[in-house]
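Student: Let us go through the packing in this model, one question at a time.

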Amino acid sequence: MKAPLTLATGLLLLATASAHAEVYRHVDAQGNVTFSDEPMQGGEEIEVKPVTTITLPKPDAVRETEQLLEEVEREGAAYESLSLISPENDQAFHSGNGDVTFEVRSTPSLRRGHRYEVTLDGQPVGQSTSGSITVRNIDRGTHQAGVHIVDREGIQVKSGQPITFTIHRPSRLN
């Protein structure tokens, strides 16, 4: 009884390796289950879901990642500070249309190829080299903003302290 089960399991695994192969299942009078890639009388076609596979990176790619991390640390170390100047932390203000202008400052100023990036509630919302980024139509309520310096590839090389602010907007009820 173990042999047919082992055979059936092996066939099932083999069948799942090819994503487009048809697999058929048949149960005989003694209750033995058989799987095949060919139709059998009294058998039924079954749907086999694709197998998830993971390809591990090659050791050379891992070394490149370590070199990239070292480069990011080196680039980020060039900046003494990075902060959001406006709005201020824990500030609450009215904005009828929900537009907010973020003022960013770093010491020293941006290096060539770098940009400021503002995130709102964890999502990137704008980039600039000028230090001023306007985000339009932000919902009322309390939000968290973050600031980063990103390189040409969009990789964050320096992060500033996040802030929290609250926007008051008119509603139809008021």
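Student: Which residues does Thr 119 touch, not counting residues up to four places away in sequence?
Tutor: The model is predicted, so local features need pLDDT of at least 70 and side-chain atom pairs count only at pLDDT 80 or more, while totals for chains, interfaces and linings use all residues. Residues are numbered from 1 along each chain as its sequence is written, and side-chain values use heavy atoms, with hydrogens and water left out. Contact means heavy atoms within 4.5 Å. By that criterion, the residues touched by Thr 119 are Pro 124, Val 125, Gln 144, Ala 145, Gly 146 and His 148.

Student: Is Thr 119 buried or exposed?
Tutor: Thr 119 lies in strand 7; strands are DSSP runs (E, at least two residues), numbered from the N terminus. Buried means under 20% relative accessible area, exposed over 50%, and partly exposed in between (1.4 Å probe, protein chains only). With a relative accessible area of 10%, Thr 119 is buried.

Student: Which residues have the most contacts inside the largest nonpolar core?
Tutor: A nonpolar core is a set of buried Ala, Val, Leu, Ile, Met, Phe, Trp, Tyr and Cys residues joined through side-chain atoms within 4.5 Å. The largest one has 21 residues. Strands 4 (81–86), 6 (100–107), 7 (115–120), 9 (132–135), 10 (141–150) and 12 (163–168) each supply at least two residues of this core. The residues with the most contacts inside it are Leu 84, Phe 102 and Phe 165.

Student: How many aromatic pairs does a search of the whole structure find?
Tutor: Rings of Phe, Tyr and Trp (its six-membered ring) pair if their centres lie within 6.5 Å; planes under 30 degrees apart count as stacked, over 60 as edge-to-face and the rest as tilted. The search of the whole structure gives 2.

Student: How many residues apart in sequence are the parts tied together by Phe 93 and Phe 165?
Tutor: These two rings are stacked, at 5.9 Å centre to centre and 15 degrees between the planes. Phe 93 lies in strand 5 (residues 91–94) and Phe 165 in strand 12, so the separation in sequence is 72 residues.

Student: What is the geometry of the pair formed by Phe 102 and Phe 165?
Tutor: Phe 165 is buried at 0% relative accessibility. The ring centres of Phe 102 and Phe 165 are 5.8 Å apart and the planes are at 70 degrees, so the pair is edge-to-face.

Conventions:
Helices (H or I, at least four residues) and strands (E, at least two) are DSSP runs, numbered from the N terminus.
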